[in-house]
Amino acid sequence: MSVRLYELSGLEDRRYSLFSWRARLALAHKQVECELVPVRVSDKAAIAFSKQDKVPVLRDGDEVVVDSWRIAEHLEDNHPGPSLFGCPSGRALAQFVASFVDRQLVPKLVPILMAEVMSIVDAVDGAHEHDDFQSFVVSLPEADSPEVLLACLQRVTEAHGVLRMKGFAAVRGKPMRLVVQGVGARFRHHFDRPWAAGEARAGRIVVIGEAGLDRRGIEAAMQG
Ligand SMILES: N[C@@H](CCC(=O)N[C@@H](CS)C(=O)NCC(=O)O)C(=O)O
């Protein structure tokens, strides 16, 4: 009997749906072999058979199950592997924790998670993901030093309420590319590889934030 799990896929086939990860963990615990099928958030034709538009979707033989909790229950009730819940009260407790997470934690985590998601999907998927967030790429001239660049990015982040910055830059006199990652005003950086022969020594930083960012102001501040 074939089992398939449909889940969201982003750039470089990164599977980023947190609810699908729940289903994956349940499948792994139950030791159920499963084919993982990628779905683009902008093209849900692959899950049209489920008559709704959310992942995860589990296809288990002729049965179609949607919703990560219902998938867990389906696996528990239909597959012999190790128990997910242990006993009826374990099942009730797991359901309580799952709904607490869905109602209390997930809504608060969404701004952080969406900033990350926007950085691993293309523009078409990004436009479908969330009207409340936006992302754009800013080209950078060579920086005088990593410290000067990071200080500038931190100022822009704080002044404009940017949620996330991610990309690389060229530093004057340095043969290596500087990789930059910022979550809020906390930045990390490292040199990752030499600039290739013929490659333009220009930086590209993805800026992610809530919709309504002052794109021109941010570009001017970062490029100035
Ligand atoms: N309660 C559902 C939530 C499913 C859900 O919201 N899935 C998201 C991915 S994490 C989704 O399909 N988003 C695509 C969209 O809304 O278009 C579950 O636990 O499976």
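Predicted model: local features only at pLDDT ≥ 70, side-chain atom pairs only at ≥ 80, totals over all residues.
1. Residue numbers start from 1 along each chain as its sequence is written.

2. Who sits around the ligand? The shell is Leu8, Ser17, Leu18, Phe19, Val41, Asp53, Lys54, Val55, Pro56, Asp67, Ser68 and Trp69, taking a residue as near if its C-beta atom, placed from the backbone, lies within 6 Å of the molecule. Helix H1 (18–29) and helix H2 (68–78) are the elements giving two or more residues to this shell; helices (H or I, at least four residues) and strands (E, at least two) are DSSP runs, numbered from the N terminus.

3. Domains next: domain 1 covers 3–109 and domain 2 covers 131–223, with bounds from an automatic or database domain assignment. Their C-alpha centres lie 36 Å apart.

4. The largest nonpolar core has 26 residues, and Met118, Ala169, Val180, Ile205 and Val207 touch the most other members. A core here is a set of buried Ala, Val, Leu, Ile, Met, Phe, Trp, Tyr and Cys residues joined through C-beta atoms within 7 Å; buried means 20 or more other C-beta atoms within 10 Å of a residue's own, exposed 12 or fewer, partly exposed in between, with C-beta atoms placed from the backbone. Elements supplying at least two residues each include helix H3 (88–118), strand S6 (164–170) and strand S9 (203–210). A second, separate core of 16 residues includes Ala26, Val65, Ile71 and Ala72.

5. Strand S6 deserves a look: 7 of its 7 residues are buried, so S6 is largely enclosed by the rest of the structure. In a regular strand the side chains alternate between the two faces of the sheet. Arg164, Lys166, Phe168 and Ala170 are buried on one side of S6, and Met165, Gly167 and Ala169 on the other.

6. What are the partners of S6? S6 runs antiparallel to S7, joined by 7 bridges, and pairs with S9 in the antiparallel sense over 5 bridges; pairing takes at least two DSSP bridges between the strands. Ala170 stands opposite Arg177 in S7, and Met165 opposite Val207 in S9. The S6–S7 hairpin has 5 residues between its strands, and Gly173 in the turn has a positive phi of about 80°.
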